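Please keep the model open while reading the numbered points.

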Amino acid sequence: MTKGQIITKAQLYLDDSSELSSQESSDLFDKFYRMFNSSHTWEGTKAQGTGTTSTTVPTVDLDTGFLYLTQNYNHTDQSYEADRPVIFVGTEYQPYEVVSWSDRRQYRNHSNKVCIDFPNNQLLFTKQPTAAEVVEYDYHKQQTALTTDDTPWMPEEFQDWIYHRMVSDDYMVQQSPKGKSYAAENRAAAEEILNNAKYWNAQLVQI
């Protein structure tokens, strides 16, 4: 479904009881699209970031839309415990451990440590790199807002979550007992869809 079709479904559920304008309906869609994307580390919202180290500054700019690093240093086998995310540096993919930004001073002489300087959207190496090398990392990406004709990234059966949440949010604004009842029903329907989506996501990685 497109964004416009999902908004239309929400309006059908509301049965003309909503007083939202077209722009307000679009804003409500955007709110819950962002909420779905941030509710889980979805395979569909992961991205690969790249950069190059510098011999003059200890930083590498992170990709636009970076939210947080995702696990990328594991084996797809249940006998291995998942490790924390790492940054891969150079053609041999040397793993650099990611440490807390607040702990960076304790690692100032370590050449294989890096932290996230989120306010400046940068990777910060705790020790100045001495060569220009390629950097790779995996991250959870903020999804861009959709136009009316755009389609959300998730399969259609999980897109229903958005309009159920739109409807419940609209009903919560209304003060009638009937509206409040329908709000709870739609929240329950949305929760079931979200659980199904998480199960689907787990099947993509099989760990």
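1. Aromatic pairs. The count of aromatic pairs comes to 16, where rings of Phe, Tyr and Trp (its six-membered ring) pair if their centres lie within 6.5 Å, and planes under 30 degrees apart count as stacked, over 60 as edge-to-face and the rest as tilted. One of them is the tilted pair of Trp42 and Trp153, with 6.1 Å from centre to centre and 55° between the planes. Trp42 belongs to the loop between H2 and S1 and Trp153 to the loop between S8 and H3, so this pair ties together parts that lie 111 residues apart in sequence. Helices (H or I, at least four residues) and strands (E, at least two) are DSSP runs, numbered from the N terminus.

2. Basis of the model. The model is predicted: local features need pLDDT of at least 70, side-chain atom pairs count only at pLDDT 80 or more, and totals for chains, interfaces and linings use all residues. Residues are numbered from 1 along each chain as its sequence is written, and side-chain values use heavy atoms, with hydrogens and water left out.

3. The aromatic cluster. Trp42 and Trp153 also belong to a cluster linked by ring pairs, together with Phe32, Phe36, Phe158, Trp161 and Trp200. Is Trp42 buried or exposed? Trp42 counts as buried, at 0% relative accessibility, whereas Trp153 is partly exposed at 22%. Here buried means under 20% relative accessible area, exposed over 50%, and partly exposed in between (1.4 Å probe, protein chains only).

4. Strand pairing around S8. Two strands pair if DSSP finds at least two bridges between them. Strand S1 (residues 46-52) and strand S8 (residues 134-141) run antiparallel and are joined by seven bridges; within this pairing, Gln48 stands opposite Asp138 of S8. Strand S3 (residues 66-69) also pairs with S8 in the antiparallel sense, over three bridges, and Phe66 has Lys141 in S8 as its bridge partner. Strand S4 (residues 86-89) is antiparallel to S8 as well, with two bridges. Which residue of S8 is the bridge partner of Phe88? The partner is Glu136.

5. Salt bridges across the chain. There are five salt bridges, each being a side-chain nitrogen of Lys or Arg within 4 Å of a carboxyl oxygen of Asp or Glu. Among them is the bridge between the side chains of Lys31 and Asp169, at 3.4 Å from N to O. This pair links distant parts of the chain, with Lys31 in helix H2 (residues 22-38) and Asp169 in helix H3 (residues 156-173), 138 residues apart. Lys31 is partly exposed, with a relative accessible area of 33%.

6. Further salt bridges. Glu43 and Lys46 form a salt bridge whose closest N and O atoms are 2.7 Å apart. Glu43 is partly exposed at 27% relative accessible area, and Lys46 is partly exposed at 32%. In another bridge, Glu97 meets Lys113, the closest N and O atoms being 3.6 Å apart. Glu97 lies in strand S5 (residues 94-98) and Lys113 in strand S6 (residues 113-117), so the pair ties together parts 16 residues apart in sequence. Glu97 is partly exposed at 29%, while Lys113 is buried at 9%. Salt bridges also link Arg84, Glu97 and Lys113 in a network.

7. A buried charge without a salt bridge. Arg165, in helix H3, is buried yet has no salt bridge; the nearest side chain of opposite charge is that of Asp169, 5.4 Å away. What does Arg165 contact, leaving aside its neighbours within four places in sequence? Arg165 is in contact with Phe32, Met35, Arg187 and Ala190, contact meaning heavy atoms within 4.5 Å.

8. Positive phi values. Tyr93, a residue other than glycine, has a positive phi near 55°. Tyr93 is placed in the loop between S4 and S5 and is partly exposed at 46% relative accessibility. Asn121 likewise has a positive phi, near 55°. Asn121 lies in the loop between S6 and strand S7 (122-125) and is partly exposed at 24%.

Definitions and conventions. Lys, Arg positive; Asp, Glu negative; His and termini not counted.
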